[in-house]
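This report is meant for a reader who is meeting the structure for the first time. Please look over the sequence and the model below before reading on.

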Amino acid sequence: MSQQEIGGKVKKAKGKVKEAVGILSGDRKLEQEGSLQRAEGAVQEKLGKAHRKVGEALTNLGSAIRK
């Protein structure tokens, strides 16, 4: 798992907590911030995963060419 994927998971978790606190306290701004942070984390995590997969594919391609 890449650093970007881990960062995305952390950001998603923080956003989820913020969102829940916002809902429980009736703070719409905090709820919206949490929702946005959760979405940003999900995008960051997906980008990290895609980056890792492309790297793995290139490594496999390089290995196949060398054979």
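## How the two helices pack

In this predicted model, the buried residues of helix 1 pack against helix 2. Those buried residues are E5, G8, G15, E19 and G22, and they belong to a helix of 23 residues that reaches 33 Å from its first C-alpha to its last, close to the 33 Å expected at 1.5 Å a residue. Helix 1 covers residues 3–25, and G26, which follows helix 1, has a positive phi near 80 degrees. Helix 2 covers residues 28–66.

## E5 and its surroundings

E5 lies in helix 1 and has a relative accessible area of 4%, so E5 counts as buried, the cut-off being under 20%. When neighbours within four places in sequence are left aside, E5 is in contact with E45, G48, K49 and R52.

E5 also takes part, together with R52 and E56, in a network of salt bridges.

## Other salt bridges

How many salt bridges does a search of the whole structure find? The search finds six, one of which joins R38 to E19, with the closest N and O atoms 2.8 Å apart. This pair links distant parts of the chain, since R38 is in helix 2 and E19 is in helix 1, 19 residues apart. E19 is buried, with a relative accessible area of 14%, whereas R38 is partly exposed, with a relative accessible area of 32%.

The side chains of E31 and R28 also meet in a salt bridge, at 3.2 Å from N to O. Because E31 and R28 are three residues apart in helix 2, about one helical turn separates them. E31 has a relative accessible area of 18% and is therefore buried.

Which residues make the nonpolar surface patch? The patch, of about 420 Å², is made by V54, L58, L61 and I65. I65 is found in helix 2, and its relative accessibility of 63% is why I65 counts as exposed, the cut-off being over 50%.

Conventions: Residues numbered from 1 in each chain as written. Predicted model: local features only at pLDDT ≥ 70, side-chain atom pairs only at ≥ 80, totals over all residues. Heavy atoms only, no water. Patch = residues over 30% accessible without salt bridge, like charges linked within 9 Å, V, L, I, M, F, W, Y side chains within 5 Å. Areas by Shrake-Rupley, 256 points an atom, 1.4 Å probe, with all protein chains shown as cover. Salt bridge = Lys/Arg side-chain N within 4 Å of Asp/Glu carboxyl O. Helix = DSSP H or I, 4+ residues; strand = E, 2+ residues; numbered from the N terminus. Buried < 20%, exposed > 50% of the residue type's maximum accessible area, 1.4 Å probe, protein only. Contact = heavy atoms within 4.5 Å. Expected span 1.5 Å × (residues − 1).
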